[in-house]
Amino acid sequence: MAILELKNVTIRFGGLVAVNDVNLTVEKGTIQALIGPNGAGKSTLFNLITGIYQPTSGSIHFKERSVNGTPTYKIAAAGIGRTFQNIRLFTDLTVLDNILIGAHSRGRWNLAGALMKFTPWVRKEEGKLLNLAKECLQMVDLSYRAFELSGNLPYGEQRRLEIARALALQPDLLLLDEPAAGMNPQEKAELMAMVQRIRATGITVFLVEHDMKFVMGISDRIAVLDYGEKIAEGSPEEIRRNPKVIEAYLGKGAADAHA
Amino acid sequence: MGDFLQLLTGSINPYYLQIIVNIGIGIILALGLNVITGLTGQLSLGHAAFMSIGAFTSALLTIKLGMPFFANLALTGFITAGVAALIGLPILRLTGDYLAICTLGFAEIVKVVFLNLEITNKALGLTVPSAITAVPMPIVVWLVVVVSIICVTFIHSSRFGRALMAVRGDEIAAEAMGINVTLYKVQSFAIGAFLAGVGGGLYAHFMGYINPSDFGFLKSVDILSMIVLGGLGSITGSVIGASILSAAPEFLRFMASYRMLVYGGLLVCMMIFRPNGLMGGLNFTSLVLRTLGRKPHMKTVMDQKTAKTSES
């Protein structure tokens, strides 16, 4: 069953067509990757899915419901968690607070709840959120950092914290924008295992990544974007052999030589 | 009890009593602005406008309707918050400098409107009859101060407060976490305005006379200086900042016309030597723990909390 479906999605910024007529399906329970050269429109596609941009034409369906025109926060609450290419943590807050903010849509007490902080109902919810946060921290092995300022964490841990924060949303679909960027080989291996663990909990993962070893090692399916158009889709094996993909990455001569 | 308190406040030199009340009102205003600017990160240069709306609303409720004082204060707070929400909806889509300029413009509009309305007695201002309360006015003011401090403290450490801090940190990330950024900004604006309105109501009834020019740009900057001096986002900082800046002009009176010079100099030194404010974003409890050389045992706190909920 498709959890996410893009139908003929196009977005134009003035004269630039950043994403052109893309059809894409992400199956539930899989790890799907989106690759492509720099500027191919991968992050733009993520921003379209999460409602930060609205498509010029075409439609996006999440869990078989159209999300066109739905504001970002509602899409998030409906079950799409995401990380950002350039990390966007709340750097002046602790690691735990970051994750509790991620769990925002799993609570419901608002201003009234703040003023009735010590009533059992509010305390119960706060405890529930805290438990959820604890689980997410364990998932990314950051429990020992819970009370440090997130801005003081080393780069690799900040990336992991961003994933944990997205998990706190209890998403059905997790979008990871270049999760392995700037990581060393060991961290990448750990990240791979982590993404597998996340999938094992029933969360569908859709990721953008440049590291081919990472993508080939982890994905069930891969889609390739080039100049805003989808040029290929298939299993890692199929993508590795696809002449169009080789051409996009290495140029025409290389594709001929390979064939 | 009431008689005793009457006696108590009566025995204090009225001049000092006025300073004490001014400090209290200053704290209420600073706490309100600290929710908007310190906690939610929205720079407002028009906080005095909300004080003004509160002062005139409250005065008119007393003069025209003879409303009992506490009901009057509460209603004033809600009316001011309502106005803030209406204003906030369009202008809170702006960020940073643009928002600041908008709030500045709004404050000027409020001033000009009150200066020209028949009902607010135009430029002559309003004379407000003193409020009939069971306890003397200074005690009322400080009761409101205590309640405000408790409420704002609760807001800081709640799901609601965390959402406000998320908005301050990164609006795009906050949206991606399922937080309706505009709604939270408007709510934060309304909370700040509520406190400003109540502060204005207290001011009107304590001073007995209000004039639209009392709530101009300088007043807004005064309130902003209080929270910057104390440290943005810190409740203890707001209290200290408001106390110092409300009292300083009076205590510097012996310097006659040089006092504003010294006052300005203090602020400049402050920004050079402690740019994060006196409290530097810390609250009282964490400061005490830090000076005692103890890290708060948050880990055990967290373990206990989670253990408790899993039992239930």
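This is a predicted model: local features need pLDDT of at least 70, side-chain atom pairs count only at pLDDT 80 or more; totals for chains, interfaces and linings use all residues.
**Ground rules.** Residues count from 1 along each chain as its sequence is written, and chains are lettered from A in the order in which they are written. Local features need pLDDT of at least 70 and side-chain atom pairs pLDDT 80 or more, while totals for chains, interfaces and linings use all residues, and side-chain values use heavy atoms, without hydrogens and water.

**The sheet.** I looked up the strand order in chain A and got 6-7-8-3-9-10, an open sheet of six strands with mixed pairing. (Strands are DSSP runs of E, at least two residues, and helices are runs of H or I, at least four, numbered from the N terminus; two strands pair if DSSP finds at least two bridges between them.) Strand 6 (80–82) and strand 10 (229–234) of chain A are the edges; each has a single partner strand, so one side of each lacks a neighbour in the sheet.

Next I checked strand 3 (residues 31–35) and strand 9 (residues 221–226) of chain A, which pair in the parallel sense over four bridges. I found A:Ile35 opposite A:Val224 in strand 9 of chain A.

**The cores.** Then I went after nonpolar cores: sets of buried Ala, Val, Leu, Ile, Met, Phe, Trp, Tyr and Cys residues joined through side-chain atoms within 4.5 Å, where buried means under 20% relative accessible area with a 1.4 Å probe, protein chains only. The largest has 88 residues, and B:Ile25 and B:Phe50 are among those touching the most other members. Helix 2 (residues 14–39) of chain B gives the most to this core, 13 residues. A second, separate core has 46 residues, including A:Leu130 and A:Ile163.

Definitions and conventions:
Buried means under 20% relative accessible area, exposed over 50%, partly exposed in between (1.4 Å probe, protein chains only).
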